[in-house]
Amino acid sequence: MCGIFGCILKDEDAAPVIHAALKRLEYRGYDSVGEATIYEGKLYVKKDQGKIDEVHMLHNLDDLPGSLGVGHTRWATHGAPLQVNAHPHVDCSGQIAVVHNGIIENFAELRLELENHGHVFKSKTDTEIIPHLIEEILKNNSSMSLVEAVLEALKKLQGSYSIAVISSKEPDKIVCARNESPLVIGVNEKAVYFASDIPAFLPLTNKAIIVDDGELVTLSLGNVAIKKIADSQVVVREPKIIEWTPEMAVKQGYPHFMIKEIHEQPSCLRNTLRVQEHYADLMSTFLDRARDVYLVACGTSYHACLASSYMFSKLAFLPSFPIIASEFVEQCGKSVNIDSTMLAVSQSGETADTLASVNTARQRAGTILGLTNTIGSTLTRVSRVYIGQQSGPEIGVAATKTFTSQLSVMAQLALRLAKKRGKVSQDEMDFLEEKLKKIPDTVEEIIQKQEGKIKQIAKKYKDAKTFFFLGRGISTATAYEGRLKLMEIAYVPAIAFPAGESKHGPISLIEPGFPVVFICPRDETRKTLIGNIMEMKARDASIIAILEEDDEEIKKLADDYVEVPRGIPEVLSPIPFVVPLQLLAYYMALERGFNPDKPRNLAKSVTVK
Ligand code: AGP
């Protein structure tokens, strides 16, 4: 998730306007930044790695000539956050510049093709193929216009994108296009703007045109021309007036980053399905060859490790040890060795306890693999192989979208391992892959259909003194995550444990009305879980069940329930089943008058041991 912006102004330089707008988009990505403008038939580019203020100090981002330009603030997915990978990217002639937000899946084969035609690439990014592709098309069709060449190029791209293209050969226009990644146009009397998000131009105009998927937009002063990429059909769309304050705009109209990020999960999960095959394969090979596999992390990321240990075992028959990082040195410091492989999971890639565990394993010649949301973080630098989970920056302290994305990557790894180890049939493989592809839609459906109901449940239980979160099998991880969310943002003391443990102690806490949340996917643990529900019900606990929509049996036992679409395979169930728990914690925090984005005593990334 990067931020792109650009403008054509009547009578002022574009660079200062682009710089200021990128600052308003910095929450979308902040590991490198760049701008390009056109002046007197020449393209000017400034870009470097680092936060916008740092790069501005070094290069003065206000000092580029020309009243037409584009800009980009980056959240790395392909290629480390280095100057060479920063956007804009240009073609061989240095006349065409492109900024891009999204992931081009087929960039590797297009790059090879273009290199065979003599194109020279400077970066490791997927984006750089776009200016070279346009250049190649124009070279082979000299009468073609920039718009036509961009259209041609788009037909060869697979993946998600919002892009903007400028060319010193046609210095009066900006050509933009969208497929899945957001793109909006802003207009006023003196200028036209494009951006990933409305906050970028809201202080300049509140007249916005939302661009739909599969549309190409040609901007010139006083004109916005939209057409369908597929058939060039012209689209007429009037601007809408945006009633947001700049602060609201950064949250896209949501009251808090946390609820915005919960709602972003469907698109994040679609992105996560695009992790780079090559690295996922490499990682599953290392896991397959390992004698011991340690899954190490803290907090929410540890819960992803716990769930993954069930996925690896159930699908690939691979035993793995989920270890809380702050305990790794004590628990495994002496047993980890050259035959050990550690998969360290950290959305920030900077959590001190996790990095300390990594160091311990490295000192004992263990192999380090990494799963992170932050390309360029320490974890990526100490890992033999790492995967970027592509959730985009997570501003809310409470991890939500990064958790479900971690689970999706781990499920993909487990499937690859299962295939490599011949533990599942091709039919089962196809079935699970099909289901995994549907998970983003499933999460979308849960949010749309159940959010209101969860709000009511939060209101009903807002004065509860404590909560239990129970699950069996892989849902134990979901229960732990539900508990952590409620504790960290609503400050409700909560306890989670495998439901089978109830009668070994915790059940003594149960009194009439004591809220117990049960996570109830339809899996092999169902029968015994119903027994656990009965145990609690017999002591008048209030049963809140997260269940499948047609599960009449458990609905009858529950005082309150939230429905999840049926037919989700057990090993994938933590992804959709955790979403109602994220929402419960969020609305409980609101009911209790707390700000979900800034939980007391907590920071987004814990870099001290
Ligand atoms: C989760 O909501 C918390 N923010 C916290 O537990 C977090 O998961 C933990 O600190 C690990 O962070 P990491 O994924 O960046 O390593």
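**Cysteines and ligand surroundings**

Cys268 is buried, with a relative accessible area of 4%, where buried stands for under 20%, exposed for over 50% and partly exposed for what lies in between, with a 1.4 Å probe and protein chains only. The model is a predicted one, in which local features need pLDDT of at least 70 and side-chain atom pairs count only at pLDDT 80 or more, while totals for chains, interfaces and linings use all residues. Residues are numbered from 1 along each chain as its sequence is written, and side-chain values use heavy atoms, with hydrogens and water left out.

The closest cysteine sulfur to that of Cys268 belongs to Cys2 and is 13 Å away, too far for a bond. Cys298, which is partly exposed at a relative accessible area of 21%, has its closest cysteine sulfur in Cys305, at 9.4 Å, again too far for a bond. Across the whole structure, a search finds 0 disulfides, a disulfide being a pair of cysteine sulfur atoms within 2.5 Å.

An N or O atom in the side chain of Ser346 is 2.6 Å from an oxygen atom of the ligand, and a polar side-chain atom of Lys485 lies 3.1 Å from a ligand oxygen atom. A nitrogen atom of the ligand, in turn, lies 2.9 Å from a backbone N or O atom of Val397. Of the 410 Å² of accessible area that the ligand has on its own, the protein covers 92%, areas here coming from the Shrake-Rupley method with a 1.4 Å probe.

Key. Polar contact = N/O pair within 3.5 Å; in protein donor to acceptor, adjacent residues only side chain to side chain.
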